Amino acid sequence: MAHALLLKYPGTNCDVETERALRTAGFSTQVQPIATARPEHVSKAQLVVFAGGFSYGDYVMSGRLAQLETERFLGDAIHKHHQNGGFLLGICNGFQILTKLGILPKASLIWNKSERFECMWDKLVKVSPSPYTTYLPAEFELPSAHAEGRLVMEPGDAQKYMDSGLVSLQYGDNHNGSELRIAGLQDATGRAMGLMPHPERFLKPQHHYDPDWSGDSDWGWGYYLFKSAFEALK
């Protein structure tokens, strides 16, 4: 059975739902507070997950303190995990953490163009193949909840990432102002991915805002993201 390690930071608030999603997809799981996390926890996992929330209250900038504490307690264990073939998934604030750790392509997540926290459902489009989206349709939707979700990067980099297959997902409606409507990035191997929407919040059809939604499926679209990762590792 594939094993997932979920790192928890002060302010992480989606760990319970994310662990539930991982277990439902087939993973064995361990939720580990970063202050007690050690390299051996990482070495036992095939997938390391950074869940959503507001790590350290986003008081300095989103993900920055989490990056520093990750390096303090785990050293280069996350990078070694990745280099040795391990998978990494960052959701919302976890996406921000992976950008700060330098795992994902160089980018920053800043305040939405509305300059406010936004909670809504997003239509998403698959762009480049990813082991995290194999079982998802070409277009689907997931709930979002973020204030600093606008993805920006150096001039020309967004198109470069698009052309080189590093963009995994795009928004259908770019409400937060991300460059080229980018909702998810992956590294060159495809084993590391970050996305702003919350797949763990759409695990079952009854989680959808439309009580009649079925999607021709027994599961919500978020389930299939975790199931895709499980099958890729299995």
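This is a predicted model: local features need pLDDT of at least 70, side-chain atom pairs count only at pLDDT 80 or more; totals for chains, interfaces and linings use all residues.
## Overall form

The protein chain contains seven helices and 11 strands. Its C-alpha trace extends over about 45 × 40 × 35 Å along the principal axes. The radius of gyration of the protein chain is 16 Å, which agrees with the value near 17 Å that a compact globule of 234 residues would have.

Of the 234 residues in the protein chain, 58% are buried.

## Surface and charge

The protein chain has an accessible surface of about 9,900 Å². Carbon and sulfur atoms account for 51% of that surface.

The protein chain carries 22 positive and 26 negative charges. The mean position of the positive charges and that of the negative charges lie 5 Å apart.

## Cysteines

How many disulfides does a search of the whole structure find? The search finds zero. Cys 92 takes part in no disulfide, and the nearest cysteine sulfur, which belongs to Cys 14, is 7.0 Å away. A disulfide is a covalent bond between the sulfur atoms of two cysteines. In this structure, a pair of cysteine sulfur atoms would have to be within 2.5 Å to be counted as a disulfide.

For Cys 119, the closest cysteine sulfur is that of Cys 92, at 10 Å, and this is too far for a bond. Are Cys 92 and Cys 119 buried or exposed? Cys 92 counts as buried because its relative accessibility is 5%, whereas Cys 119, at 58% relative accessibility, counts as exposed.

## Helix 5 and Thr 99

Helix 5 covers residues 93-101. The helix is mostly covered, with nine of its nine residues buried. The buried residues of helix 5 include Asn 93, Gln 96 and Lys 100, as well as Phe 95, Ile 97 and Leu 98. Just after helix 5 comes Gly 102, whose phi is positive, at about 80 degrees.

Thr 99 belongs to this helix. Thr 99 has a relative accessibility of 8% and therefore counts as buried. Which residues does Thr 99 contact, leaving aside its neighbours within four places in sequence? Thr 99 is in contact with Leu 104, Ala 107 and Leu 109. Thr 99 and Leu 185 are 86 residues apart in sequence, and their C-alpha atoms are 9.4 Å apart in space.

Most residues other than glycine have a negative phi. Tyr 56, however, has a positive phi near 55 degrees, and the phi of Asp 58 is likewise positive, near 55 degrees.

Tyr 56 has a relative accessibility of 18% and so counts as buried. Asp 58 has a relative accessibility of 15%, so Asp 58 counts as buried too.

Technical notes:
Residues are numbered from 1 along each chain as its sequence is written. Side-chain values use heavy atoms; hydrogens and water are left out. Helices (H or I, at least four residues) and strands (E, at least two) are DSSP runs, numbered from the N terminus. The radius of gyration is taken over C-alpha atoms; the globule rule is 2.2 Å times the number of residues to the power 0.38. Buried means under 20% relative accessible area, exposed over 50%, partly exposed in between (1.4 Å probe, protein chains only). Accessible areas come from the Shrake-Rupley method with a 1.4 Å probe; for residues, only the protein chains shown count as cover. Lys and Arg count as positive and Asp and Glu as negative; His and the chain ends are not counted. The place of a charge is taken as NZ of Lys, CZ of Arg, CG of Asp or CD of Glu. Contact means heavy atoms within 4.5 Å.
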